[in-house]
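I opened this notebook page to record what I looked up about the overall build and the aromatic contacts. The structure comes first, and my entries follow.

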Amino acid sequence: MSTKPFANLTFDEKLDRLALVAVRVGLNLREGQEVVVTASLDHIPFIRKVVAEAYKAGAYAVTVLYQDDVATLARYQNAPDAAFDFTPKWLADGIAEAYRSGAARLGITGANPALLKGQDPDKINRANVAASKASKPAMELVTRHTINWSILAGATPAWARLVFPDLPENEAVARLWDAIFSASRITGDDPVQDWKDHGENIMKRVALLNEKRYHALHFRGPGTDLVVGLADDHLWAGGGGVCGNGIFCNANIPTEECFTTPHKDRVNGTVTASKPLSHQGTLIENISVRFENGKIVEAHATAGEEALKKLIAVDEGASHLGEVALVPHSSPIAQSGLLFWNTLFDENAASHIALGQAYATCIIDGENLNETTLNSKGANSSLIHVDWMIGSGEMNVDGVRADGTEEPLMRSGEWV
């Protein structure tokens, strides 16, 4: 890694540094591991650096699965209707087998957030359901943290145009890369140590939350009065963690959150999104929903409402929560003032909730429990896991004790 100040690095050297963090901090790759990488064709120059760094770390094989927005869009424009209930199961089975054999997973996000705008929401929903069913065996290994995995971002022209609509494309792409570098904490003299220090700070907050053993969280803000019950034997997590294979990894780069498992049947009240949601190429704006006994019974959005309603109808668990996360408004990502239109970033700018599948590792001994036992403790099951943002500088959060009394946890979006 170059010892020059970050500002003096060439763009190529900055990509080298991000690749180093992806492999050494995100995955914490071990000698002899395989790696399965997913990325956009726009990421090829960066991915080549990731591959080189992985082999330097001792990888035996790195397999890259590229995604092409143009090809994806062609499917929705030209494929027969029945095609949207089909997915190549052989590919999903192969990925699951790779994970079972010890491969690490690295995802590079950055596809066009508005790729499928104007396409049939029913086809989008059916395709997502088919893909989710096929990939469930692989994703269970991820949600249970059986393997070391990580996701980070690379800029693409389509994404950059959405984030910086008033700039020429080349300038927008450069600005987006700069924002990614900053949020991914690679601008200091020693990014690996910076990540270690950052993770330790998050874990101090996680430890305090686990000591409290709150029964629920009460969110109050503009358009929001929501009580989120917490699962029995819930555990707070944040930063990095040790996976089932014994490797400590940082699953999200960037990350600013402390998160846990809500009780799927103990969520009541109304909540309004504080940021838009980009989901599978569809933009969903100004989400507002009402929960009764854990289930969404009313849902609205000013844009993408049909997509939202189809999302929460994917299966029974899709209308219940699988995650609740607290993020201070002073998060560097929030303070950047940017709307990234990408959940990896926007969820680390604001407290958020997630519809769908819960993380087994956010239940005491959850990685060793079967689905029935996890459900009995309140952990949700679903084919989906979709985060959306509810926090802001106007959000107050109270911790609710088992006796119903409340104490301040966050005020105006900041830890008390």
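**Entry 1: overall build.** I counted the secondary structure and found 12 helices and 21 strands in the protein; helices (H or I, at least four residues) and strands (E, at least two) are DSSP runs, numbered from the N terminus. The radius of gyration is 20 Å, close to the 22 Å that the globule rule gives for 416 residues, so the protein is as compact as a globular protein of that length. This radius is taken over C-alpha atoms, and the rule is 2.2 Å times the number of residues to the power 0.38. Along the principal axes, the C-alpha atoms fill a box of roughly 55 × 50 × 45 Å.

**Entry 2: basis of the values.** I note that this is a predicted model, in which local features need pLDDT of at least 70 and side-chain atom pairs count only at pLDDT 80 or more, while totals for chains, interfaces and linings use all residues. Residues are numbered from 1 along each chain as its sequence is written, and side-chain values use heavy atoms, with hydrogens and water left out.

Entry 3: I looked up burial: 54% of the 416 residues are buried (under 20% relative accessible area; exposed is over 50%, partly exposed in between; 1.4 Å probe, protein chains only). Among contacts (heavy atoms within 4.5 Å) between residues at least 6 apart in sequence, 75% join residues at least 24 apart.

**Entry 4: aromatic pairs.** I found 9 aromatic pairs in the structure. Rings of Phe, Tyr and Trp (its six-membered ring) pair if their centres lie within 6.5 Å; planes under 30 degrees apart count as stacked, over 60 as edge-to-face and the rest as tilted. I then examined Phe11 and Trp177, an edge-to-face pair at 5.6 Å centre to centre with 70° between the planes. This pair links distant parts of the chain, as Phe11 lies in helix α1 (residues 11-27) and Trp177 in helix α7 (residues 169-183), 166 residues apart. Phe11 is partly exposed at 41% relative accessible area, whereas Trp177 is buried at 9%.

How are the rings of Trp177 and Phe181 arranged? Their centres are 5.5 Å apart and their planes at 25°, so the pair is stacked. The two residues are 4 apart in helix α7, which separates them by about one helical turn. Phe181 is buried, at 1% relative accessibility. I recorded one aromatic cluster formed by Phe6, Phe11, Phe46, Trp177 and Phe181.

**Entry 5: a charge over a ring.** I noted Arg205 over the face of Trp415, 4.2 Å from the ring centre; the criterion is NZ of Lys or CZ of Arg within 6 Å of the ring centre and within 35 degrees of the ring normal.
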